[in-house]
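Here are my notes on the model you sent over. They are set out as numbered points so that you can check each against the coordinates.

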Amino acid sequence: QLFGLIEKRIQVLLGDDCAWEDIDDGKRINKQPKWKHIIERTLMRPRDAISFLNILLETTKKRNDENLVFENRDVVDARPKYSEYLKLELDDEILTHWGDWEVCLQSLSRIGKIYFTKEDYVSAYASINAGVKKTYSEEQSLEELYNFSVIEYEARSGYGGSGWKSKFANPELGWDANANRFKVHLGLKEYMKLKEERS
C-alpha cells in the first residue's frame, strides 16, 4: 500500500507514465533493493517515507539536476539528514509523554551499536550521571523505547528461527519482558552514530 502511494506521487510529479523503476538505477544497496533499504529507515509511515524521498530527491538533484535517477550514493548521502529529521519527529511525539527520554538515547549512544543486549543497556543506563532525573527503571525505559518503536526485540518463532518485532509493525504485540536482544531503529543510526555490526 505504501509503495502504491509513492508510485502515485511519482506519477503526479513526473507524469502518468513514470514509475519507481524509472528513477531507481536498479542497483542493490547492502544486498537490498533501494526501496526496502529506505522503508527499513522510515517505520513504514507514509510521512516518514515521503520525507526520506524528498531528501533523496534534493540530494540527487545536487549531484545531477538533469538526469533524475537515484544511485546508491544518493541514498547513503540522504541518510544523515533524514536521521536528524526522524530524531526531531520522535522528540515531538515523545517529549510530551516522557520528558527524560534523552537519557535513554544517551544510553543507546554509549552502547554504540544497532544490535545490543539487555545487559548492554542496563550497564549504559546505570552509567548516566546519577544526578540526572530518570523517570523509569532500566526495564521500564526499554519497554517505553519499544512502545515508541525506537527499538525492536528479537523473538523466537515456533519453527526454530527468530525475527525482529516492532510495535509499529505489530501493534497487537505486547512487550516481552524476557527479551534479551534488541535492535535500534535504523533511521536513527546516523544521528546516534551507531555501528551496524551484529552482536
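1. Overall make-up. The model is predicted, not experimental. Its secondary structure comes to nine helices and four strands. Along the sequence these elements follow the pattern α-α-α-α-α-α-β-α-α-β-β-β-α. The C-alpha trace spans about 55 × 40 × 30 Å along its principal axes.

2. Geometry of α4 and α5. Two packed helices are described by the angle between their axes and the distance between the axes. For helix α4 (residues 46-63) and helix α5 (residues 72-94), the angle is about 145° and the axes are 8 Å apart. The crossing of α4 past α5 is right-handed.

3. Residues in that contact. On the α4 side the contact is made by R47, D48, S51, F52, I55, L56, E58, T59, T60 and R63. On the α5 side the residues are R73, D74, V75, D77, A78, R79, K81, Y82, Y85, L86, E89 and E93. By class, the contact of α4 with α5 holds eight nonpolar, three polar and eleven charged residues.

4. The sheet. Strands of a sheet pair through backbone hydrogen bonds, either parallel or antiparallel. Here four strands form an open sheet with the order β1-β4-β2-β3, and the pairing is antiparallel. The edges are β1 (115-117) and β3 (162-165), each of which pairs on one side only. From one strand to the next the twist averages 35°.

5. Strand pairs involving β4. Strand β2 (residues 151-156) and strand β4 (residues 181-184) run antiparallel and are joined by three bridges. In this pair, E152 stands opposite K183 of β4. Three bridges also join β1 to β4, again antiparallel. There, T117 has R181 in β4 as its bridge partner.

6. Helices across the sheet. Which strands does helix α7 lie across? Helix α7 (residues 118-127) lies across β1 and β4, and runs at about 80° to β1. Helix α8 (residues 138-147) lies across β1, β2, β3 and β4, at about 100° to β2.

7. Largest pocket. The largest pocket holds about 350 Å³ of space. It has 17 lining residues, and those closest to its centre are I39, E40, M44, E152 and S166. The elements that give two or more residues to this lining are α3 (34-39), β2 and β4. Ten of the lining residues are nonpolar, three are polar and four are charged.

8. Second largest pocket. About 240 Å³ of space lies in the second largest pocket. Which of its 14 lining residues lie nearest its centre? They are I10, L13, I23, L53 and L57. Two or more lining residues come from each of α1 (2-14), α2 (20-23) and α4. The lining divides into eleven nonpolar residues, one polar and two charged.

9. Points to look at together. Helix α4 takes part in the contact with α5 and also gives two or more residues to the lining of the second largest pocket. Strand β4 is joined by three bridges to β2 and by three to β1, and β4 gives two or more residues to the lining of the largest pocket.

Methods:
Residues numbered from 1 in each chain as written. Predicted model: local features only at pLDDT ≥ 70, side-chain atom pairs only at ≥ 80, totals over all residues. Heavy atoms only, no water. Axes fitted to C-alpha atoms, helices over the stretch in contact; angles between N-to-C directions. Left-handed = near helix turned anticlockwise from the far one by under 90°. Contact = heavy atoms within 4.5 Å. Nonpolar A, V, L, I, M, F, W, Y, C, P; charged D, E, K, R; others polar. Pairing = 2+ DSSP bridges. 1 Å grid on protein atoms, 1.4 Å probe; cavity = no way out; pocket = protein on both sides within 12 Å on 5 of 7 lines; lining within 4 Å. Points joined across faces, edges and corners; volume = space filled by probe spheres on them.
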